[in-house]
Amino acid sequence: MLKTTIQEKRPKRILLSGVFGPFGVDDAYGRKENIMELFHNQVTKAQEMGSWRFQHRSFGLYFLAANIHADVTILDFPSRKRFMRELEKGYDVVGISFITPNFIKAKEMTRLTRKISPASTILIGGHGAAIDGVEHLLDCDHVIKGEGIRWLRSYLGEDPDAPFVHPTLSISERQAAFGVPFPGVGANLLVPGVGCVNGCKFCSTTHFFGRTYTAFLSTGKHIFETAKRIADERGVNEFFVMDENFLKDRQRALALLSEMERHGRYFTFHIFSSAEALTAFGVDNLVRLGVNFVWIGFESSSTKGNFEKNKGIDAKRLTKELRDRGIIVLASGILCQEHHTQENIQTDIDFMVALEADLVQFMLLTPLPVTALYQDHKERGLLREDLPFEEWHGQKYLTYRHPEFPGNSAEKWLLAAFRKDYEVNSSSMYRVVETVFRGYRHLAGLSRQDVCLKTRMEQFRRRIIEYAGILPLVAKYAVNETERIRATVLDRQIAASFGEPTLKERLRRFAIHALAMRWKLKCDFFGDGIQPPTIVTRYGAGAKRFVPAPRRSAFFDRVTDTLASYLSQPRPVDICSDLQRLWSVSRR
């Protein structure tokens with residue numbers, strides 16, 4: 001029976017948690033293919049030492065916490081034991097967010113909650129909440145599907161239409177390639193809204209939010225003011241925009257550009273966008289807006305495997321125009337679609353590789369719960385209902401019956417696709433540096449520049465200087481002779497344009513090589529697995545809701561969390577530095 005909400009004088013005590021680790025290992029709760037690293041898992045996975053390595057928090061939990069009046073604790077990347085310890089504190093509400101392949105972990109967490117904190121009301125959310133009959137499969141009280149802020153406010157007796165509050169968060173916890181941290185502080189997270197109206201049949205996001213778009217920041221001015229406040233708090237003018245199709249609202253994006261130009265505040269953005277929305281907005285407008293990165297779903301070269309959003313789009317030409325203007329392109333393609341056979345699938349792989357995008361995502365067609373594709377396959381009896389949810393990660397098996405790709409043959413095509421893109425186009429780090437350099441030369445070659453374009457050119461110049469130091473490393477660990485030559489030539493071209501590296505830059509290059517050697521030793525002896533440390537964030541009911549202030553828990557928890565992280569992953573060879581880190585953390 002569902003529990004009812006009783007308004008009490010004291011604020012509710014709420015625990016919001018992502019699923020527990022370890023991640024990316026074969027055990028009773030998960031699979032080694034389902035790692036907690038988006039890019040290393042499904043974009044740069046074949047690029048060896050040069051693969052992009054970082055983790056993302058469970059962003060939705062922070063948005064919930066920032067928009068309610070309650071004492072909220074957020075656990076990100078907890079161990080099973082750490083989650084159990086937190087339950088012993090006796091929360092009124094325990095919310096668990098998960099995706100489909102983490103179903104078994106969510107089931108175990110609901111079981112533990114009933115056992116350790118039986119008085120707690122259990123909420124289930126995230127994309128895993130879309131699983132058919134999940135309210136009967138998990139021991140929970142409420143299932144939150146779609147946008148959860150209004151639901152949770154109503155549940156707590158608050159005004160569901162109260163003003164939206166955007167939390168201040170970094171997009172990732174660590175960013176590195178070749179074992180070398182990316183320069184600068186990580187970009188800010190910016191979520192103008194959720195959902196997408198395009199309705200692609202395979203897309204979880206568009207269907208999870210009912211094929212509609214819910215705007216959190218409905219005007220360009222609102223986006224600008226939010227970005228300005230977040231940038232001032234973190235001292236970073238760069239944003240990763242978590243919006244499924246940010247440019248779909250063209251007028252809002254143009255209004256944002258107008259606000260930046262009027263105030264002389266030129267932010268930079270990483271965005272998701274469909275090709276048709278990009279084309280409608282205009283490539284040169286993207287430069288002025290400060291778009292440095294765009295993720296585009298090109299999906300397939302075939303009309304049978306493509307979607308309305310790509311109708312009439314010349315994908316190769318668009319990719320070149322974007323990169324010529326310094327905009328990094330991540331192109332996404334889908335393998336093992338229903339029209340694919342062992343004979344024609346290579347055509348789509350070659351199409352994606354020929355785009356010469358900076359990064360390429362290859363994913364297996366996966367009919368996830370709530371999507372139109374899932375419903376279609378279910379009605380046709382094609383779903384692999386014998387396949388446990390922990391295998392629904394899209395990296396090994398197909399979750400539907402395809403006569404051309406039995407067993408794990410789909411995985412072989414997937415890995416071969418990543419490898420070919422790497423060998424033909426070289427590492428993504430090389431491509432990114434080249435793209436930024438192309439963007440700088442494009443702006444430098446314009447006969448007329450206003451303040452906006454001069455600012456963008458200066459931003460390109462700073463990024464080139466920051467990124468160029470990794471080119472000798474790219475050449476050293478090149479996948480083949482072609483990449484070694486490319487990286488060497490590009491390094492010389494940059495030096496010719498900006499001068500030879502200064503003493504400071506040469507010292508930085510030495511440090512980069514040292515970090516890369518350390519990472520290589522770690523990979524050679526212990527593997528390249530990375531387990532994210534537990535992050536504990538506590539919000540007091542009376543605290544300012546727009547600035548989450550993550551703080552470590554009590555001394556015991558600080559030490560045990562650090563030890564758990566230390567013991568749960570292969571360690572590099574310099575144990576002394578890890579012990580020093582443990583000591584410094586324990587003294588905070």
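Six strands make an open sheet in the order S8-S11-S12-S13-S14-S15, with parallel pairing; two strands pair if DSSP finds at least two bridges between them. Helices (H or I, at least four residues) and strands (E, at least two) are DSSP runs, numbered from the N terminus. The edges are S8 (188–190) and S15 (359–364), each of which pairs on one side only. On average, neighbouring strands of this sheet are turned by 20° against each other, direction ignored.

This is a predicted model: local features need pLDDT of at least 70, side-chain atom pairs count only at pLDDT 80 or more, and totals for chains, interfaces and linings use all residues. Residues are numbered from 1 along each chain as its sequence is written, and side-chain values use heavy atoms, with hydrogens and water left out.

Leu-189 has Phe-240 as its bridge partner in S11.

Helix H13 (residues 345–354) lies across S13 (291–299), S14 (328–335) and S15, running at about 175° to S14. Axes are lines fitted to C-alpha atoms, for helices over the stretch in contact, and angles run from 0 to 180 degrees between N-to-C directions. Contact means heavy atoms within 4.5 Å.

Next, S4 (residues 121–125). Five of its five residues are buried, that is, under 20% relative accessible area with a 1.4 Å probe, protein chains only. Thr-121, Leu-123 and Gly-125 point one way from S4, and Ile-122 and Ile-124 the other. S3 (residues 93–97) pairs with S4 in the parallel sense over five bridges; Gly-95 is partnered by Leu-123.

Conventions:
Buried < 20%, exposed > 50% of the residue type's maximum accessible area, 1.4 Å probe, protein only.
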